[in-house]
Amino acid sequence: MNIIPNIPIKTIAIKLKPSAEKMVKRRHPWIFEDSIIKQNKEGNAGDLVVVYDNKKNNFLACGLYDPYSPIRVKLLHYGKPTKINEGWFEETIFKAYKLRIPLLDTDTNSYRLVFGENDYLPGCIVDVYNQVLVIKLYSQIWFPYLNYIVEYLVAISGCSTVVLRLSRLLQSKGVLYDLKDGQVIFGILEDEVVVFREHGVLFSANVIKGHKTGYFLDHRHNRKRVGELSQEKTVLDVFSYAGGFSVHALAGGAKEVVSLDISKQALDMAKENVNLNRIPYGKHKVIVADAFEGLQNMINAKKKFDIVVIDPPSFAKRENEIDKAKNCYARLARLGAQLVVHNGLLILASCSSRVVKEDFFKISEDNILDTGKTFKVLEKTTHDIDHPINFAEGAYLKCGYYRVF
């Protein structure tokens with residue numbers, strides 16, 4: 001498969017500060033620029049880097065060089081020396097696929113096949129929607145390896161089409177080997193909107209223009225769980241985006257579902273996803289509003305729901321936003337608790353990796369209590385099976401289910 005011209009790569013040897021060396025021994029996947037104390041040659045994007053220890057000159061790890069990022073080396077392999085060649089990539093992709101097999105045994109044909117660092121392929125995300133495979137690259141380190149990675153991904157997934165998505169940073173670099181965001185690099189894409197199944201429920205993803213790779217697959221288990229809890233219930237889905245929780249709730253027999261989002265375009269997608277499933281029972285309403293204002297307006301109107309789901313976008317993309325994010329989570333927990341009927345269910349989620357789950361759950365619980373209500377924790381969940389976690393910063397999703405009294 002020849003998507004781009006072959007790019008020559010060289011091998012670079014480096015040594016690290018003692019603190020960084022310790023992190024590598026703990027299998028952390030990132031080496032920052034200021035951690036490198038010795039480097040035998042200049043590197044280009046995708047060059048192979050071998051990390052040696054300071055005391056005995058032993059092999060510690062190897063990875064790929066990124067001259068455009070403060071994370072100068074993204075690590076692939078630790079422990080004993082190995083050859084990073086086509087065979088290594090084939091085996092690594094196969095291992096990732098094997099982890100997902102239990103999910104593929106369900107009525108689901110959408111999944112994350114590669115989750116970046118957590119599957120030892122840093123800066124590379126691969127999602128499957130039915131027969132369409134979407135590769136999202138966050139670093140130029142992948143261009144020298146793209147030809148044979150695509151070949152293995154197609155072989156193992158059985159997909160007939162591959163779409164390449166590029167991060168904003170990569171797009172800002174200008175033309176890269178004649179590749180552009182949203183380009184079909186294998187097969188034919190008949191429609192940029194792809195319909196797929198998630199535990200028997202139909203959704204659509206715009207694989208060319210949609211957020212990330214077209215949809216958010218990480219909440220799959222929680223959406224299914226909400227569906228199971230929704231029979232004959234009224235449900236409010238806040239920050240609903242394309243209606244993931246809403247559609248599962250309706251498919252699960254909810255009487256009425258309200259999807260609230262600031263984006264009319266997202267709510268149009270939610271309506272389309274509801275229509276895809278031809279659900280004979282249950283009303284679906286949409287509200288275009290800022291979440292905080294919309295929730296307060298409903299409280300003022302004395303509205304109540306059996307189930308309230310609040311799943312906001314990441315409030316802390318940078319370190320200096322953590323306090324603001326915590327305040328937002330506190331406000332949402334207070335607002336949500338006031339909208340749940342007595343003995344109703346409040347489901348609070350966070351996808352901010354910088355707010356750790358212990359802090360998020362404590363903020364949520366303290367602020368439910370601040371409304372004068374009490375609660376019982378039904379369950380707490382994290383990532384679904386296709387989002388394995390191999391390092392602390394890779395863990396971002398958390399979700400609490402609270403029975404509120």
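Start just after α6, where glycine 253 takes a positive phi of about 100°. Helices and strands here are DSSP runs, H or I of at least four residues for helices and E of at least two for strands, numbered from the N terminus. Now the ground rules. This is a predicted model, where local features need pLDDT of at least 70, side-chain atom pairs count only at pLDDT 80 or more, and totals for chains, interfaces and linings use all residues. Residues are numbered from 1 along each chain as its sequence is written, and side-chain values use heavy atoms, with hydrogens and water left out.

Back to α6, residues 244-251. Seven of its eight residues are buried, meaning under 20% relative accessible area, with exposed over 50% and partly exposed in between (1.4 Å probe, protein chains only). The buried ones are Gly244, Phe245, Ser246, Val247, His248, Ala249 and Leu250.

What meets α6? Helix α5 does: Asn222, Arg223, Lys224, Val226 and Gly227 in α5 meet Gly244, Phe245, His248 and Ala249 in α6. Contact means heavy atoms within 4.5 Å. The axes of α5 (residues 220-229) and α6 come within 7 Å and cross at roughly 35°. Axes are lines fitted to C-alpha atoms, for helices over the stretch in contact, with angles from 0 to 180 degrees between N-to-C directions. The crossing is right-handed, that is, the near helix is turned clockwise from the far one by less than a right angle.

Next, the sheet. It is open, with five strands in the order β7-β8-β9-β10-β11 and mixed pairing. Two strands pair if DSSP finds at least two bridges between them. β7 and β11 (183-186) are the edges, each pairing on one side only. Neighbouring strands are turned by 25° against each other on average, direction ignored.

Look at β9. Six of its six residues are buried. Val132, Val134 and Lys136 point one way, and Leu133, Ile135 and Leu137 the other. On one side, β8 runs antiparallel to β9, joined by six bridges. The two form a hairpin with two residues between them, and asparagine 130 in the turn has a positive phi of about 60°. β10 pairs with β9 in the parallel sense, also over six bridges. There, valine 134 stands opposite valine 163 in β10.

Now the cores. A nonpolar core is a set of buried Ala, Val, Leu, Ile, Met, Phe, Trp, Tyr and Cys residues joined through side-chain atoms within 4.5 Å. The largest has 41 residues, and those touching the most other members are Phe89, Leu133, Ile135, Leu137, Trp142, Phe143 and Leu153. Elements supplying at least two residues each include α2 (86-104), β9 and α3 (146-157). α3 gives the largest share, seven residues. A separate core has 35 residues, among them Leu295, Ile299, Leu346 and Val404.

Leucine 137 is worth a look. Not counting residues up to four places away in sequence, its contacts include Cys124, Trp142, Phe143 and Leu164. Cysteine 124 stands opposite leucine 137 in β9.
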